[in-house]
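Student: I have a model open and would like to walk through it with you. Could we begin with whatever sits around the ligand?

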Amino acid sequence: RSKVSLASLARQKERGEPIVMVTAYDYPSAQIADAAGVDIVLVGDSGAMTVLGYDSTVPITVEEMLVLTSAVRRGLTAPLLVADLPFGSYELSDEQAVATAQRFVKTTGCDAVKVERGGTTVDRARAIVAAGIPVMGHVGLTPQTAVSIGGYRSQGRTAEAGLELARSALALQNAGCFALVFEAIPSDVADLITPTLDIPVIGIGAGPGTDGQVLVFHDLLGIWDGQPARFVKRYADLRSDMVAGVSAYAADVRSHAYPAPEHGYSTTPDEVARLRE
Ligand code: KIV
Ligand code: NA
């Protein structure tokens with residue numbers, strides 16, 4: 001399979017071929033996404049919650065994201081690799097944004113970075129693009145600023161809010177973003193905005209009318225428990241499988257069913273006899 005590029009993604013939008021994006025946070029999840037033939041792998045700051053156990057995406061640090069992203073890089077061949085810039089690592093100034101984006105590219109070999117919101121983020125995106133690093137935008141439900149937008153709830157439900165979303169999306173496109181994520185916005189609103197943009201729109205909770213879809217690895221595979229968001233479709237129940245597997249192992253150890261002879265190593269009777277002496 002040939003490597004996914006910004007140009008191939010643009011062609012997919014042109015041809016109406018849906019773009020498939022999924023998150024990954026380590027070497028095995030990256031290898032799985034790669035083997036499944038997805039187009040884009042995002043090292044989401046959702047990793048704060050899915051793999052680091054924080055209760056929001058806000059606390060994850062640049063250093064933690066760099067570790068996750070480097071591991072994902074080692075597991076990928078064809079998909080485009082995008083890394084989320086964590087909260088607090090790009091908002092302050094264009095200089096901060098460019099320095100952080102450069103650190104990600106140099107340290108991890110990611111292909112692009114993702115930033116949240118319109119507003120001042122538009123300038124940050126333009127600065128990173130000008131420094132030669134591709135940028136994906138993210139509007140609608142922006143978890144890094146969930147408190148200020150009223151919590152984890154859908155966005156753009158009024159005509160005014162929908163227009164504001166459209167304006168942010170266009171501004172991010174004009175700033176040079178190669179693609180956008182629309183998160184948790186009414187399908188009708190996404191349907192109206194998507195065709196007005198030249199760049200691909202990847203939806204999550206934005207209905208079927210976007211140019212692609214993204215889901216969180218642990219959500220779609222059912223690796224963590226808890227109530228998933230409305231937009232999540234579960235394609236597996238791996239947490240149950242994993243708990244069952246570890247439970248069966250624990251039961252085998254306790255009943256002495258594991259290890260069996262075939263799991264052990266042997267040496268010659270002579271050596272055993274000499275050791276006994
Ligand atoms: O962090 C994340 O997983 C994301 C996607 C849901 C788009 O930003
Ligand atoms: Na994110």
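Student: How many nonpolar, polar and charged residues are in the shell around ligand 1?

Tutor: In this predicted model, the shell around ligand 1 has 5 nonpolar residues, 4 polar ones and 2 charged ones.

Student: And which residues surround ligand 1?

Tutor: Ligand 1 is surrounded by Thr23, Leu42, Gly44, Asp45, Ser46, Asp84, His138, Val181, Ile204, Val214 and Val216.

Student: Which residues does the UniProt "binding site" annotation cover?

Tutor: According to the UniProt record, which is an unreviewed entry, the "binding site" annotation covers Asp45, Ser46, Asp84 and Lys114. These residues span 70 residues in sequence, yet no two of their C-alpha atoms are more than 12.4 Å apart, so they gather at one spot.

Student: Let me take Asp84, then: where is Asp84 found, and is Asp84 buried or exposed?

Tutor: Asp84 is found in strand β3, and Asp84 counts as buried because 30 C-beta neighbours lie inside 10 Å, where the threshold is 20 or more. Leaving aside residues up to four places away in sequence, Asp84 touches Leu42, Val43, Gly44, Asp45, Met65 and Lys114.

Student: What about Lys114, where is that found?

Tutor: Lys114 is found in strand β4, residues 112–114, and with 23 C-beta neighbours inside 10 Å Lys114 counts as buried. Again not counting residues up to four places away in sequence, Lys114 touches Leu42, Val82, Ala83, Asp84, Leu85, Met136 and His138.

Student: Leu42 keeps coming up. In strand β2, which residues point one way and which the other?

Tutor: From strand β2, residues 40–43, Ile40 and Leu42 point one way, whereas Val41 and Val43 point the other way, and all are buried.

Student: How many bridges join β1 to β2, and how many join β2 to β3?

Tutor: Strand β1, residues 19–23, is joined to β2 by 3 bridges, and the two run parallel; Thr23 stands opposite Leu42 in this pairing. On to β3, residues 80–84: there 4 bridges join β2 to β3, which also run parallel, and Val43 stands opposite Ala83.

Student: What do β1, helix α2 and β2 make together?

Tutor: They make a right-handed β-α-β unit, in which helix α2 comprises residues 27–35.

Student: Moving on to the active site, where does UniProt place that feature?

Tutor: The UniProt record, again an unreviewed entry, places the feature "active site" at Glu183, a residue in strand β6, residues 179–183.

Student: Is Glu183 buried or exposed, and which residues does Glu183 touch?

Tutor: Glu183 is buried, since 23 other C-beta atoms lie within 10 Å. Apart from residues up to four places away in sequence, Glu183 touches His138, Gly140, Leu141, Ile204, Gly205 and Ala206; of these, His138 and Ile204 are also among the residues that surround ligand 1.

Student: Now some backbone geometry. Which residues have a positive phi although they are not glycines?

Tutor: Among them are Arg117, with a phi of about 80°, and Ala184, with a phi of about 50°. Most residues other than glycine have a negative phi. Arg117 lies in the loop between β4 and α6, residues 120–130, and Arg117 is buried, with 21 other C-beta atoms within 10 Å. Ala184 lies in the loop between β6 and α8, residues 187–193, and Ala184 is buried too, with 20 other C-beta atoms within 10 Å.

Student: Which residues does a cis peptide bond join?

Tutor: A cis peptide bond joins Tyr258 and Pro259, with omega at about 0°, and Pro259 has its place in the loop between α10, residues 238–254, and α11, residues 269–276.

Student: Zooming out, how many helices and strands does the protein have?

Tutor: The secondary structure comes to 11 helices and 8 strands, and the C-alpha atoms fill a box of roughly 85 × 40 × 35 Å along the principal axes.

Student: And what percentage of the residues count as buried?

Tutor: Of the 277 residues of the protein, 42% count as buried. As for contacts with a separation of 6 or more, residues 24 or more positions apart account for 58% of them.

Key:
Residues are numbered from 1 along each chain as its sequence is written. Chains are lettered from A and ligands numbered from 1 in the order in which they are written. This is a predicted model: local features need pLDDT of at least 70, side-chain atom pairs count only at pLDDT 80 or more; totals for chains, interfaces and linings use all residues. A residue is buried if 20 or more other C-beta atoms lie within 10 Å of its own, exposed if 12 or fewer, and partly exposed in between; C-beta atoms are placed from the backbone. Two strands pair if DSSP finds at least two bridges between them. A crossover is right-handed if, with the strands pointing away from the viewer, the path from the first strand over the helix to the second runs clockwise. A residue is near a molecule or strand if its C-beta atom, placed from the backbone, lies within 6 Å of it. Ala, Val, Leu, Ile, Met, Phe, Trp, Tyr, Cys and Pro count as nonpolar, Asp, Glu, Lys and Arg as charged, and the others, Gly among them, as polar. UniProt positions are given in the numbering used here, feature names are shortened, and annotations may be inferred rather than shown by experiment. Two residues are in contact if their C-beta atoms, placed from the backbone, lie within 7 Å.
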